Structure formats: C-alpha cells, structure tokens
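The sequence and the structure come first, and the description follows.

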Amino acid sequence: MDLQFFALVFLLALVEARAQFKPAQPCEPQKCLPPNCRCSEDRKPPGGLTPKETPQIIMVTFDDGIEERFYDLYIELLDEVRNPNGCPAVATLFNCNVGTNYFWVETAYSKGFEIADHTVTHQGATYYEKANYTVWKNDIDGQKEILHR
Ligand SMILES: [Zn+2]
C-alpha cells in the first residue's frame with residue numbers, strides 16, 4: 001500500500017468518524033429540573049439557597065479493626081471538633097472482625113460513633129473478585145451478626 005492511498009483511507013475514516021459524532025444538545029433549564037435532570041453548567045446551590053446558606057457536609061470514615069490505639073486516634077482527631085449545632089463531630093467506623101477489640105467498638109458506639117459493617121475476614125480485592133455469592137454473603141452478614149451480639 002503506498003503512502004498516498006493510506007493517507008486517503010485515513011482521511012475518509014476520519015471524515016466518517018466526525019460525521020457520526022453528535023455534540024451534546026444545549027441544556028434547557030426550564031425543562032431540565034432536579035431531581036431527574038440538572039444542567040451541567042448550573043453551579044448554583046439547589047433550592048434557591050445562597051452559597052452561604054448551603055450546608056457543607058463532611059463525612060469522616062475509618063475502616064478495619066477497631067482497637068485501643070485507633071480509638072485513641074479517632075478521639076484525638078475529632079475531640080475538639082464541633083458541628084455548627086454544637087454536637088460533637090463523630091465518624092463512621094467500617095468495622096471488620098480482624099484485629100477488633102469489641103470493648104473499643106462499644107466505647108466508640110457509646111460516644112456516638114456510627115458502627116458499620118466491613119466484613120468478617122477483610123480479604124483483598126482479588127479474593128472478592130473470584131468469590132461467589134455465598135462467600136460474599138457470609139463475609140458481610142457474618143460481621144453484621146457479630147456486631148449485633
Ligand atoms: Zn479495610
């Protein structure tokens with residue numbers, strides 16, 4: 001194949017590709033209304049709020065086993081932090097059974113921390129990619145049952 005023929009085929013393919021490309025249509029703010037639609041160029045806060053009135057939410061989470069040294073770290077990080085309503089800031093602790101001392105789970109829970117289910121065994125991503133439904137269910141439900149005891 002000579003170079004000129006190759007260049008011609010390439011240009012025809014490029015023209016064909018461009019002909020199939022359809023740019024996004026302009027958004028119509030009167031028709032595109034939340035919660036089902038929101039124009040991407042609309043950067044205003046929802047509900048007619050001003051930026052100053054818009055609540056800013058920060059979620060703090062930690063995962064894995066809960067033990068004394070980690071509990072002490074959570075307290076050290078959040079002890080002086082207050083929400084605008086004066087309530088203490090807390091975190092969600094995604095708890096797995098591995099390395100957990102349940103005394104510290106109960107202590108954190110009594111301080112207002114949310115305790116969430118991580119897994120029983122805390123395997124790696126490769127393990128879960130190959131695991132079947134029963135393995136997933138046992139690992140997640142098993143930790144849920146442990147936390148309910
Ligand atoms: Zn983890």
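Ala7 counts as exposed, with 10 C-beta neighbours inside 10 Å. Burial is judged here from C-beta atoms placed from the backbone: a residue is buried if 20 or more other C-beta atoms lie within 10 Å of its own, exposed if 12 or fewer, and partly exposed in between. Ala7 is found in helix H1 (residues 3–20). From Ala7 to His148 the C-alpha to C-alpha distance is 69 Å, and the two are 141 residues apart in sequence.

The model is predicted: local features need pLDDT of at least 70 and side-chain atom pairs count only at pLDDT 80 or more, while totals for chains, interfaces and linings use all residues. Residues are numbered from 1 along each chain as its sequence is written.

**Overall form**

The chain has 5 helices and 3 strands, and from the N terminus on its elements run α-β-α-β-α-β-α-α. Helices (H or I, at least four residues) and strands (E, at least two) are DSSP runs, numbered from the N terminus. The radius of gyration of the chain is 26 Å, whereas a compact globule of 149 residues would have one near 15 Å. This radius is taken over C-alpha atoms, and the globule rule is 2.2 Å times the number of residues to the power 0.38. Along the principal axes, the C-alpha trace spans about 75 × 50 × 25 Å. Of the 149 residues, 9% count as buried. Two residues are in contact if their C-beta atoms, placed from the backbone, lie within 7 Å. Among contacts between residues at least 6 apart in sequence, 51% join residues at least 24 apart.

**The sheet**

An open sheet of 3 strands has the order E1-E2-E3, with parallel pairing. Its edge strands are E1 (61–63) and E3 (114–119), each of which pairs on one side only. Neighbouring strands of the sheet are turned by 25° against each other on average, direction ignored. Two strands pair if DSSP finds at least two bridges between them; 3 bridges join E1 to the parallel strand E2 (residues 92–96). Phe62 stands opposite Leu93 in E2. Helix H5 (residues 133–148) packs on the sheet, where it touches E2 and E3, and its direction makes about 145° with that of E3. Axes are lines fitted to C-alpha atoms, for helices over the stretch in contact, and angles run from 0 to 180 degrees between N-to-C directions.

Which residues of helix H3 (residues 102–110) are buried? They include Trp104, Val105 and Ala108. Seen down the axis of H3, its buried residues fall within an arc of 105°, so they line one face of the helix. The arc is that of the directions from the helix axis to the C-beta atoms. On the other side of H3, Phe103, Glu106 and Ser110 are exposed. The cover over the buried residues of H3 includes helix H2 (68–78), E2 and E3. After H3 comes Gly112, whose phi is positive, near 100°.

The largest nonpolar core has 7 residues: Ile66, Tyr71, Leu93, Trp104, Val105, Ala108 and Phe113. Such a core is a set of buried Ala, Val, Leu, Ile, Met, Phe, Trp, Tyr and Cys residues joined through C-beta atoms within 7 Å. H3 gives the largest share of this core, 3 residues. Not counting residues up to four places away in sequence, Tyr71 touches Ile66, Trp104, Thr107 and Ala108.

**Loop residues**

| Residue | Loop | Other C-beta atoms within 10 Å |
|---|---|---|
| Asp64 | between E1 and H2 | 16 |
| His122 | between E3 and helix H4 (125–130) | 18 |
| Gln123 | between E3 and H4 | 15 |

Most residues other than glycine have a negative phi. Asp64, however, has a positive phi near 95°. His122 is not a glycine either, and its phi is positive at about 50°. The C-alpha atoms of Gln123 and Val98 are separated by 9.9 Å, the two being 25 residues apart along the chain.
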